[in-house]
Amino acid sequence: MPVQRLNHAVLYVRDVERSVTFYREALGFDVVMGMRGAAFLQAPGSSNDHDLGLFEIGANAAPSPAGRTSVGLYHLAWEVDTLDELERVAAKLTELGALVGASDHGTTKALYAKDPDGLEFEVSWLVPASLLTDEVLAARSSIRPLDLTADKERYGAQTRGGVGVSIPA
């Protein structure tokens, strides 16, 4: 039986309460369980027991060297349903000072942000299978600046992303 999907991710953070506040404000996650030094959060609309686990290791923890001086995880990616939602998340991440980039990968429209510990994550919208053209597929070979206005005009602000790609048709 092949792997079906990522069920949850776990991060080591300096301050669990600070991280909980951030993920609640930035992405709307809710705490489903907590204990001293740990919290388990669920994304809105998720049926997972939890999507993100946070474990506190203290204020003196060094920044992650992953990608700079060691191998390690680059980022996690969460998917949103619509381009309107991606735009709303972009505004919230900007307000929080967390947005560090936005890219068009052809089939994926992506935002990049960093949490309070500098751990990077992505929030993306995927072009549904029914709208994939040779042109869109070919655009995967380069990275361009994200233009949400143009993408909303092309695909529709409320078009459900990922259908037939990351979620069943």
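A residue is called buried here when its relative accessible area is under 20%. By that criterion, buried residues account for 38% of the 169 residues in the protein chain of this predicted model. The chain exposes about 9800 Å², and 53% of that area comes from carbon and sulfur atoms.

Along the principal axes, the C-alpha atoms fill a box of roughly 50 × 35 × 35 Å. When contacts between residues at least 6 apart in sequence are considered, 60% of them join residues at least 24 apart.

Turning to secondary structure, the chain holds four helices and nine strands. Read from the N terminus, these elements follow the order β-α-β-β-β-β-α-β-β-β-α-β-α. An unreviewed UniProt entry places the feature "domain: VOC" at residues 5–126.

The interior comes next. In soluble globular proteins, nonpolar side chains tend to be buried together. The largest nonpolar core of this model has 34 residues, of which Tyr23, Leu27, Leu52, Leu54, Leu86, Leu93 and Phe121 touch the most other members. Helix 1 (residues 16–27) is the element that gives the most to this core, contributing six residues. Beyond its neighbours within four places in sequence, Leu86 is in contact with Val80, Lys109, Leu111, Val123, Ser124, Trp125, Leu146 and Leu148.

One of these partners, Leu148, leads on to helix 4, which spans residues 148–155 and has Leu148, Asp151 and Tyr155 as its buried residues. Viewed down the helix axis, the buried residues of helix 4 fall within an arc of 60°, so they line one face of the helix. Their packing partners are several: helix 2 (83–95), strand 6 (99–104), strand 7 (108–114), strand 8 (120–126) and helix 3 (134–138). Just after helix 4, the backbone at Gly156 takes a positive phi of about 100°.

Conventions: Residues are numbered from 1 along each chain as its sequence is written. This is a predicted model: local features need pLDDT of at least 70, side-chain atom pairs count only at pLDDT 80 or more; totals for chains, interfaces and linings use all residues. Side-chain values use heavy atoms; hydrogens and water are left out. Buried means under 20% relative accessible area, exposed over 50%, partly exposed in between (1.4 Å probe, protein chains only). Helices (H or I, at least four residues) and strands (E, at least two) are DSSP runs, numbered from the N terminus. The arc is that of the directions from the helix axis to the C-beta atoms. Contact means heavy atoms within 4.5 Å. A nonpolar core is a set of buried Ala, Val, Leu, Ile, Met, Phe, Trp, Tyr and Cys residues joined through side-chain atoms within 4.5 Å. UniProt positions are given in the numbering used here, feature names are shortened, and annotations may be inferred rather than shown by experiment. Accessible areas come from the Shrake-Rupley method with a 1.4 Å probe; for residues, only the protein chains shown count as cover.
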